[in-house]
Amino acid sequence: MNDQMQSEIATAPSLGLQSQDYFRQNRLPHIWCPGCGNGIVLRAITKALEMLALDRNNVAAVAGIGCSSRSAGYLDLNTVHTAHGRALPFATGIKVANPKLTVIVMSGDGDATAIGGNHFIQAARRNLDLTLIIFNNNIYGMTSGQYSPLTPRGAFATTASYGTVETPFDICKLAIAAGATYVARGTTYQARQLPKLIANAITNKGFSVVEAVCACPTHYGKLNKKSSPVSLLMEQRDKAISAKDAQLMTPEQLTGKYLTGELYNENRKEYSDAYTHLFERVHETK
Amino acid sequence: MKIPKELMGQILFDTEGGVFQKRFLQGNEAAAEGVLAAGARFFAGYPITPSTEIAEILSERLPRIKGAFIQMEDEIASIGAVLGASLAGSKALTATSGPGFSLMQELIGYSGMTQIPCVIVNVMRSGPSTGMPTSPAQGDVMQAIWGTHGDHPVVVVAPATVSEMYYLAIWCVNISERLRIPVIFLPDEVVGHMRELLLIPPTELIRIENRGKPTVPPEDFHPFKIEGNAVTAMPAMGEGYRYNVTGLVHDQDGFPTNDPGRAGELNTFLVNKVLSRADDLAFAEEIATDDAEEIIISYGSTARSAERAVRLLGGTGRKIGIFRIITLHPFPIKQLQRLAKQCNRFLLVEMNLGQMTTTVRSIIGLDVDLRVINKANGLPIAPSEIISVLENWHPHPVLQQQGCVNHE
């Protein structure tokens, strides 16, 4: 634990919970490979919970299937490890049935944008108050390295022996276009920024998406001659451009880069608020 | 047609006392009323013929009683939302038909594995694939019982009247809560769309069952502990019991494990939750079976044709009984076994190409004469078709005088 973390913990709000209190300590160590970025993202989530002083009893963490979706089980919250791609429908049911719960959804790039792609855009359109954190490692890790909708064109995967010929999604652009009201991107290299983005996403009353770029040295790295975790982190450092800095750059300078930080924030009527108003309008007076 | 007394006892405290309200309703409308009466307060669904009326009615009714209706993007999302709502403490259901039911299968298994109560109404239409959306069938029987992968618990209920669409819908919600399992309510399109008289009981007579709540503090609570066939309590999210839910094989606290001992114990427990309670779940209505020499086995709207056929044959002196299956799973084995001892001629009638034949044959044995009427052309089975088979099996001169002929 570094000094920065120590001081952050020291100034934790009155509930007194520190980020590690949001972990089920007895479930650790986690199953992830050495050098995997998932732990950094998960730590950022717990840090955000600490910053917001959320009561663990009132937070639900819902995940799909895949490496990153194992995150839910490590958190000392109401946790659900659902089926592949279906975290958002479960989360939708939870939130609509009990709008008082804070609902955080954890999903991988394949889980959220391939098998769960339709749920992703529909949830964004509805603007239900959910926070979706997409662990983007550009590959299917759990099944040992098949290409995902986020695998860069030309990158290798066990199902792309000659490099993928497909064009990847831009998760954040997709989320904005579909109607998400808070959209941000962070990286595991910029590990201190991530908790803040996640905390802001949770605070936003509406559907929020945080893309967390994280490395998979074991599969993506190995297949693409970047098996050192450090080299993948350095790649994040080199490719990530803050949205603010990007405004001063030319399109040529931005080629091959991606934007980080808060990319979109809009105030729009939230689903459960709208539904509660409906209650008031049509409630049976008996 | 009547719901057997023992089964009715699980739905109403008493069948008399208080004013029963007369309503003339469609089957799907009655099912919507039934689930509301049972306390369902969450519906997620996707439009599909011939079940859509259930969604339409609940979209109008639920917000008025502070329940929630949400139209999801597909049937997978629908059942996902239903399971999420159930975890959050709501009694939740969805309604669909064959193609949508196929899409739901993975999460029906998830419901069984994680013991999240839910009701799935599948108003059966002609299949396979898109089939004939507005035509009836009973082709989803096997899928309802065995559709999802792996061994799993499920109860499958087949109503035959509008009245049963209401009363058995209440029962389905009750069973799902009692056993923490997915319950499949399986009317065919005829029952879903027909209109009949329904007597709605006063609410105080309706027996409502709720999932158990823990009586121990969170630190002593093991949400997936196995003790015999007992069903564990299920706190709602937000009640202070923070536990993990996963479709992976899990230990007593809900955390993944690959221990073969636990996996075997869990799978056996889940299936036995239903099978060990078959006496409380497996029902059939018997009509005139006491001294029957021939028995027609059927269910759903097809059983109505059987009843009509028997009535038309009333003057012939033939002793024909009806064994109407209400619970398709767990099957009322003991009842049928008893009948197989007294009667050796059975006619199994269903609107599919023989999905129940093997089950029935395995119960009645090989020494009994079993014939079948199977039909999968989108048309209901007419009483005349049943009469025709009985006629050729055991011709009787009176039949011809009554003008009963086979229309095919």
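Biologist: Where does B:K66 lie?

Modeller: B:K66 is in the loop between α3 (52-61) and β3 (68-71) of chain B. Its phi is near 60°, a positive value in a residue other than glycine.

Biologist: What about A:S144, which isn't a glycine: what phi does it have?

Modeller: A:S144 has a positive phi of about 80°. That serine belongs to the loop between β5 (139-140) and β6 (146-147) of chain A. A:S144 is partly exposed, with 13 other C-beta atoms within 10 Å.

Biologist: While we're on the backbone, which peptide bond to B:P330 is cis?

Modeller: The bond from B:H329 to B:P330 is cis, with omega near -5°. B:P330 sits in the loop between β15 (327-329) and α12 (333-342) of chain B. In chain A, the bond from A:L28 to A:P29 is cis as well, and its omega is near 5°. You'll find A:P29 in the loop between α1 (3-10) and α2 (38-52) of chain A.

Biologist: Switching topic to confidence. What is the mean pLDDT of chain A?

Modeller: The mean for chain A is 94, and 94% of its residues reach 70 or more. Residues 1-12 of chain A are another matter, with pLDDT below 50. Beyond near neighbours in sequence, that stretch has seven contacts in the model.

Biologist: How should I read low-pLDDT coordinates?

Modeller: Where pLDDT is low, the predicted coordinates should not be read in detail.

Biologist: OK, strands next. Is β1(A) enclosed or open?

Modeller: Strand β1 (residues 59-63) of chain A is largely enclosed by the rest of the structure, because five of its five residues are buried.

Biologist: And which residues are on each side of β1(A)?

Modeller: A:V59, A:A61 and A:A63 are on one side, with A:A60 and A:V62 on the other. Both faces are covered, and those residues are all buried.

Biologist: What does β2(A) pair with in chain B?

Modeller: β2(A) pairs with strand β11 (residues 244-246) of chain B, in the parallel sense and over three bridges. A:V80 is opposite B:V245 there.

Biologist: Nice, that takes us to the interface. How many residues are in contact?

Modeller: 35 residues of chain A are in contact with 37 residues of chain B. On the chain A side, the elements giving two or more residues are β2 (78-81), α4 (87-97), α6 (117-126) and α13 (271-282). The largest share, eight residues, comes from α4(A). By type, the chain A side divides into 15 nonpolar, 14 polar and six charged residues.

Biologist: Now chain B by itself. How many helices and strands does it have?

Modeller: Chain B has 15 helices and 17 strands. Its radius of gyration is 22 Å, close to the 22 Å that the globule rule gives for 408 residues, so chain B is as compact as a globular protein of that length. The C-alpha trace spans about 75 × 50 × 45 Å along its principal axes.

Biologist: What share of chain B is buried?

Modeller: Of its 408 residues, 52% count as buried. Among contacts in chain B with a separation of 6 or more, 77% are between residues 24 or more positions apart.

Biologist: Last one: is α4(B) mostly covered or exposed?

Modeller: α4(B) is mostly covered, with 13 of its 13 residues buried. At 1.5 Å a residue, helix α4 (residues 75-87) of chain B should span 18 Å, and its end C-alpha atoms are 18 Å apart, which agrees. Just after that helix, B:G89 takes a positive phi of about 110°.

Terms used
Residues numbered from 1 in each chain as written. Chains lettered and ligands numbered in written order. Predicted model: local features only at pLDDT ≥ 70, side-chain atom pairs only at ≥ 80, totals over all residues. Contact = placed C-beta atoms within 7 Å. Helix = DSSP H or I, 4+ residues; strand = E, 2+ residues; numbered from the N terminus. Nonpolar A, V, L, I, M, F, W, Y, C, P; charged D, E, K, R; others polar. Pairing = 2+ DSSP bridges. Rg over C-alpha atoms; globule rule 2.2 N^0.38 Å. Buried ≥ 20, exposed ≤ 12 C-beta atoms within 10 Å, placed from the backbone. pLDDT = per-residue confidence, 0-100. Expected span 1.5 Å × (residues − 1).
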